[in-house]
Amino acid sequence: MKKLIAGAVVAGALMSVVGCQSTATKEEAKPVAEAPKLNNDDLYEVAHEGRYYVFDDFKTYQDFLEVGETSYRKVFIGGGPHGETLVHGLMGKDKKKLSGIAGVEMFAGKMEAAEDFYGEMRGEDGRLYVFNSLEDMEDLRKVGEAPYRFTQIGAGPQGQTVVFVLNKSNKKKEPVALVKRFKEINGL
């Protein structure tokens, strides 16, 4: 009888150790939730026919450049930089959202840009402005001129002049990395 009770105690102790080990394994096996992708790494703006278009997706932007319209949009009458109609071109997945759209929030100043930000702005003057800073993009939008720049005539996808916008901190350096990124993104 003593052997039977001792055996039961040993078996119970072993089961609790095994149970503890399997619990720890289950906890370790649980996937860690990933942070949602903010889509705040690029922004594209186009002044076109009296409206101001903003995109946070390169493909949607390129489709707009081909067709001159966007399938899904969020429109703000008078919301543009100079009181023009502001049109946010949306991806299909964003068409029913009321908030959380990166292009809308970055344009409104409610979302910071990613560290590796890239931006393009096509002006009515036919030039293509390229940025690696959302702040520089906002300044050009407000002022209408880039005080610091590196310009390449005829270097754009349609042969337009490309202005790489600089700022006080990088005004004396040729923007080699930004030029390279521009060419990669635009397939040049």
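Predicted model: local features only at pLDDT ≥ 70, side-chain atom pairs only at ≥ 80, totals over all residues.
**Strand 5.** Begin by selecting residues 118-122, which form strand 5. Five of the five residues in this strand are buried, so the strand is largely enclosed by the rest of the structure. A residue counts as buried when its relative accessible area is under 20%. Next, display the side chains and note which way each residue points. Y118, E120 and R122 point one way from the strand, whereas G119 and M121 point the other way. The residues of both groups are buried.

**The antiparallel partner.** Now select residues 128-131, which form strand 6. Strand 6 runs antiparallel to strand 5, and four bridges join the two. Within this pair, E120 stands opposite V130 in strand 6.

**The hairpin turn.** Then follow the chain from strand 5 to strand 6. Together these strands form a hairpin, with five residues between them. Select G126 in the turn: this residue has a positive phi of about 85 degrees.

**A loop residue.** Finally, select K172. Where does K172 lie? K172 is in the loop between strand 8 (162-165) and helix 5 (176-185). K172 has a relative accessibility of 78% and therefore counts as exposed. Select F150 as well, which is 22 residues from K172 along the chain. The C-alpha atoms of these two residues are separated by 9.6 Å.

Technical notes: Residues numbered from 1 in each chain as written. Heavy atoms only, no water. Buried < 20%, exposed > 50% of the residue type's maximum accessible area, 1.4 Å probe, protein only. Pairing = 2+ DSSP bridges.
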